[in-house]
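Subject: Structure handover

Hello,

Here is the structure I promised to pass on. Please open it first, then read my notes below.

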Amino acid sequence: MEDQFFEKIPGLEKLLESRNFEDLTSLEKEEILHYMSPEDYQKYRQTIQKSKALFISEQKKIKANPAIRKRLLERWEQQETSSKKGMFSALWRILAFRIPAYQPGFAVAVLAILFFLLHNEKPDTIRYLTKIDTIYAEKKIAQSEDTDKIQDSTSKPDKKNDIKEGTGLKEKPGPKTDRRSVPSQNQYVQNAYQKIRIVNLKQAGRSATDDSALMKFLVTAN
Amino acid sequence: MSFWHKNLRNKPDVELMLLLRKGRKEAFSILYERYADKLVSFFYRMLNKDNEKAQDFMHDLFVKIIENPASFDTGKRFDTWIFHIAYNMCKNEYRKMTVRDEYRDRQIYKLPYSEESVKNKIDQQKFSEELNESLGSLDEKHRTVFILRYQQDLSLKEIAGILDCPEGTVKSRLFKAIKVLSEKLIVFDPKVN
């Protein structure tokens, strides 16, 4: 079919747009001449060129109306607000608010500087809410006379202080010990209790002897 | 203009559409700048050189985009999609009116004064009138292919995507249009004159 010649010549539309018949290669000329005359080729080429020139000059004159752009942007705003209805519309507008990129970076830098400045402050002095009084208990360690002596090999053995092998050290007999003069461990603790001021119990009108040992641990700060 | 606005100008159309779906007003603004004039000139040629109607159609097309941005398939080209919508709008308009008859009756839009000689100006004006009349006599499919190829400078593959037909069909229609127009515009051939 005559109308199907363009299928036989690949890229014919590009040839018509770019080159006159005289500028074609011999191979291209030979191929085109199978389907059309040089005049036809030039006729088609002229139509395309003039049409393109006319369209280009038209496009310079025919422009979009600027008022349409404004109307469309208003329509956009309406569309956006209507899609975010109810109580979330105000919140969405706040979240959708755009700020330049340098502002968040600047804010982060300021916060970092403030953090380091505050972090390097001297720590507050230690404050004690309560003062615990130290309980001192007197303790007398009973000393044995035998531990002080160092037995001399040249000295004559003291018969009184004979040390028999396997029998251990023999205590020097001394005056009969009185339990009162050398208090026991429990007595030391009890003496400490007596030194502690039991203000609360006195204020309550009660004596220390009326309460148990646990109550006697109550201590007031000096 | 903020830092973000400057970056968007270099984005491709598909990315701008994705941003538009997320509610980015700047993306819509940039797409409008890129395609508004092209669409107006397309509608101008397709709708009997009616400038006012061309502006209305362009406005309506962008309203469709605002109302339903999800209708765009991100796997396809944006320019193919937008001209497909424009073509369908023109087809619907053709059904409503007899455009071919109005093509002959309507007053031709006169180009403003240029620096060319008077003779060239008259030739160009006459050619424009004849071309309009000849395009009007074409079938809408042939006219659309011719305008998309030589006014919008789209490839045959892109035109095939817009019209949703094979590339061979587009080629056939294009050469048919060239042939018919050449026969009707033969008076402007310098060799014939």
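How many residues of chain B are in contact with chain A, and with how many residues of chain A? The count is 39 residues of chain B against 34 residues of chain A. Please keep in mind that this is a predicted model.

**The side of chain B that touches chain A**

Five elements of chain B are named as giving two or more residues to this side: α1 (3-8), α3, α4 (51-67), α7 (118-137) and α10 (167-184). By class, the residues there divide into 23 nonpolar, 10 polar and six charged. For the complex, the predictor gives an ipTM of 0.80 and a pTM of 0.60.

**Chain B as a whole**

Chain B has 10 helices and zero strands. It has 193 residues, and 33% of them count as buried. Take the contacts in chain B with a separation of 6 or more: 60% of these come from residues 24 or more positions apart.

**Confidence**

The average pLDDT of chain B is 83, and 80% of its residues score at least 70. Look with care at residues 107-115 of chain B, where the pLDDT is below 50. Beyond near neighbours in sequence, that stretch has 11 contacts in the model.

Two packed helices are described by the angle between their axes and the distance between the axes.

Start with α2 (residues 13-21) and α3 (residues 25-46) of chain B. Their axes come within 7 Å and cross at roughly 140 degrees. The two helices are therefore oblique to each other. The crossing of α2(B) and α3(B) is left-handed. From α2(B), the contact uses B:D13, B:L16, B:L19 and B:L20. From α3(B), it uses B:A27, B:F28, B:I30 and B:L31. Seven of the residues in this contact are nonpolar, none is polar and one is charged.

Next, α9 (residues 156-163) and α10 of chain B. Their axes lie 8 Å apart, at an angle of about 105 degrees. These helices are therefore roughly perpendicular to each other. On α9(B), the residues are B:L156, B:K157, B:I159, B:A160 and B:L163. They meet B:E167, B:V170 and B:K171 in α10(B). This contact has five nonpolar, no polar and three charged residues.

Best wishes

Methods. Residues are numbered from 1 along each chain as its sequence is written. Chains are lettered from A and ligands numbered from 1 in the order in which they are written. This is a predicted model: local features need pLDDT of at least 70, side-chain atom pairs count only at pLDDT 80 or more; totals for chains, interfaces and linings use all residues. Axes are lines fitted to C-alpha atoms, for helices over the stretch in contact, and angles run from 0 to 180 degrees between N-to-C directions. Helices (H or I, at least four residues) and strands (E, at least two) are DSSP runs, numbered from the N terminus. Angles under 35 degrees count as roughly parallel, over 145 as roughly antiparallel, 65 to 115 as roughly perpendicular and the rest as oblique. A crossing is left-handed if the near helix is turned anticlockwise from the far one by less than a right angle, and right-handed if clockwise. Two residues are in contact if their C-beta atoms, placed from the backbone, lie within 7 Å. Ala, Val, Leu, Ile, Met, Phe, Trp, Tyr, Cys and Pro count as nonpolar, Asp, Glu, Lys and Arg as charged, and the others, Gly among them, as polar. pLDDT is the predictor's confidence in each residue, from 0 to 100. A residue is buried if 20 or more other C-beta atoms lie within 10 Å of its own, exposed if 12 or fewer, and partly exposed in between; C-beta atoms are placed from the backbone.
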